[in-house]
Amino acid sequence: MKKIKIRYIILLVFLLILIFNEGNRTLVRRCFEINKLNRSIKYAQYQNELLKKRIYYLENEPSYLERMVRSELNVASPDEIEYRFSVND
């Protein structure tokens, strides 16, 4: 019975030291910050890969280039007729 109480007291003291120790809290904060930065790096790498693919297609696929020009710049070819409709509220 006394051994169990001593073990619980030792465990409680150990946990209190871990919780209230400034160095431990700083370490935990840094771990969270590292995880956040790693996620940010992975997202930037993903975006970089998407942009590399887009550059490749823009340089090598004329149909992709034409589609991007049409969609982003609203350009029509000379033989096309453009229809515009007004929407009444």
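Predicted model: local features only at pLDDT ≥ 70, side-chain atom pairs only at ≥ 80, totals over all residues.
**Exercise 1. How much accessible surface does the protein chain have, and what percentage of it belongs to carbon and sulfur atoms?**

Residues are numbered from 1 along each chain as its sequence is written, and side-chain values use heavy atoms, leaving out hydrogens and water.

*Step 1.* Accessible areas come from the Shrake-Rupley method with a 1.4 Å probe, and for residues only the protein chains shown count as cover.
*Step 2.* The total for the protein chain is about 9100 Å², and 62% of this belongs to carbon and sulfur atoms.
*Step 3.* Now look at burial: 2% of the 89 residues count as buried (under 20% relative accessible area; exposed is over 50%, and partly exposed lies in between, with a 1.4 Å probe and protein chains only).

**Exercise 2. Describe the fold and its spread.**

*Step 1.* Find the helices and strands, which are DSSP runs (H or I, at least four residues, for helices; E, at least two, for strands) numbered from the N terminus.
*Step 2.* The protein chain has 3 helices and 0 strands, and its pattern along the sequence is α-α-α.
*Step 3.* Its radius of gyration is 31 Å, well over the 12 Å from the globule rule for 89 residues, so the chain is more spread out than a compact globule. This radius is taken over C-alpha atoms, and the rule is 2.2 Å times the number of residues to the power 0.38.
*Step 4.* Along the principal axes, the C-alpha atoms fill a box of roughly 95 × 45 × 25 Å.

**Exercise 3. Work out how the rings of Tyr 56, Tyr 57 and Tyr 64 are arranged.**

*Step 1.* Rings of Phe, Tyr and Trp (its six-membered ring) pair if their centres lie within 6.5 Å; planes under 30 degrees apart are stacked, over 60 edge-to-face, and the rest tilted.
*Step 2.* The whole structure holds 2 aromatic pairs. Tyr 56 and Tyr 57 have ring centres 5.6 Å apart and planes at 65 degrees, so this pair is edge-to-face.
*Step 3.* For Tyr 57 and Tyr 64, the centres are 5.6 Å apart and the planes at 45 degrees, so the pair is tilted.
*Step 4.* Together, Tyr 56, Tyr 57 and Tyr 64 form one aromatic cluster. Tyr 56 is partly exposed at 46% relative accessible area, Tyr 57 is partly exposed at 40%, and Tyr 64 is buried at 16%.
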